[in-house]
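Please open the model in your viewer and keep the sequence panel beside it. The tour below goes from one selection to the next and says what is to be found at each stop.

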Amino acid sequence: MSQQPGDLDLRMYQGATFRYVLTWLEDDVPKNLTNYTARMQVRSTWDAATTILDIDTDDDITLGGAAGTITIEVAATDTADINPGLYVYDLELVTGSTVTRLVEGTFMVSPEVTR
C-alpha cells in the first residue's frame, strides 16, 4: 500500500529568498534519503500545462541523507519573477522506480512591495 501524502500549505514571498526545511519521518525515525532524488512543481491548477516553478535536486532541493531532511531554497532573483497568487504544488521523492509523493498543498506567492 502506498503512503498518503501529507498536506502542507506553503507561502513564498516574491523577491525574497524562499527556504523551507522538512524532515521525512517513518515511525518517528528520519528516513535515510541517500540514493533519493527530489522534484517539486508548482502550477496554477493541478491540470495546468505550464509550471510556475519547477525544481529538483539538480538545482534548488538538497537532501540530507541519513538525517532525512529536504531543504528547498529558491534565490530571491528567481522568486522575483513569480507572479503573486495562489497555486498548487506537490513534492516527490524518487529512488529507483519508486516515486513517493511526500507532501502536497497550496502554494501562495505574496506580492513584493519594496523593489
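Begin by selecting the aromatic side chains, among which there are 3 aromatic pairs, where rings of Phe, Tyr and Trp (its six-membered ring) pair if their centres lie within 6.5 Å, and where planes under 30 degrees apart count as stacked, over 60 as edge-to-face and the rest as tilted. Show Trp 24 and Tyr 36 together: their ring centres are 5.8 Å apart and their planes stand at 80°, so this pair is edge-to-face. Trp 24 sits in the loop between β3 (18–23) and β4 (25–26), and Tyr 36 sits in the loop between β5 (29–30) and β6 (37–43), so the pair ties together parts that are 12 residues apart in sequence. The strand names follow DSSP runs numbered from the N terminus, with strands (E) of at least two residues and helices (H or I) of at least four.

This is a predicted model, in which local features need pLDDT of at least 70 and side-chain atom pairs count only at pLDDT 80 or more, while totals for chains, interfaces and linings use all residues. Residues are numbered from 1 along each chain as its sequence is written, and side-chain values use heavy atoms, with hydrogens and water left out.

Stay with the pair and colour by accessibility, taking buried as under 20% relative accessible area, exposed as over 50% and partly exposed as in between (1.4 Å probe, protein chains only). Trp 24 counts as buried at 5% relative accessibility, and Tyr 36 counts as buried at 17%. For another aromatic group, select Phe 18, Tyr 89 and Phe 107, which form one aromatic cluster.

Next, turn to the nonpolar core, meaning a set of buried Ala, Val, Leu, Ile, Met, Phe, Trp, Tyr and Cys residues joined through side-chain atoms within 4.5 Å. The largest such core has 27 residues, and those with the most contacts inside it are Met 40, Ile 61, Ile 70, Ile 72, Leu 91, Leu 93 and Phe 107. At least two residues of this core come from each of β2 (10–13), β3, β6, β7 (53–56), β8 (61–63), β9 (69–74), β10 (85–95) and β11 (98–110). Centre the view on Ile 70 and, with contact taken as heavy atoms within 4.5 Å, look beyond the residues up to four places away in sequence: its partners include Tyr 20, Trp 24, Leu 33, Ile 61, Leu 91 and Leu 102.

Move on to Thr 71, found in strand β9, which counts as buried at 16% relative accessibility. Leaving aside neighbours within four places in sequence, Thr 71 is in contact with Arg 19, Tyr 20, Val 21, Asp 60, Ile 61 and Thr 62.

Which residues line the largest pocket? Select Gln 41, Arg 43, Thr 45, Trp 46, Val 88, Tyr 89, Asp 90, Glu 104 and Gly 105 to show that lining. The elements that give two or more residues to the lining are β6, β10 and β11, and the largest share, 3 residues, comes from β10. On a 1 Å grid over the protein atoms alone, a pocket is an open set of points where a 1.4 Å probe fits, with protein on both sides within 12 Å along at least five of seven lines, and lining residues have an atom within 4 Å of a point.

For a look at the backbone, pick Asp 27 in the loop between β4 and β5, where phi is near 55°, a positive value in a residue other than glycine. Asp 27 is exposed, with a relative accessible area of 77%. Asn 35, in the loop between β5 and β6, likewise has a positive phi, near 75°, and is exposed at 68%.

Finish with Gly 15, in the loop between β2 and β3, and Arg 115, in the segment after β11. Their C-alpha atoms are separated by 7.9 Å, although the two are 100 residues apart along the chain. Gly 15 is partly exposed at 23%, whereas Arg 115 counts as exposed at 78%.
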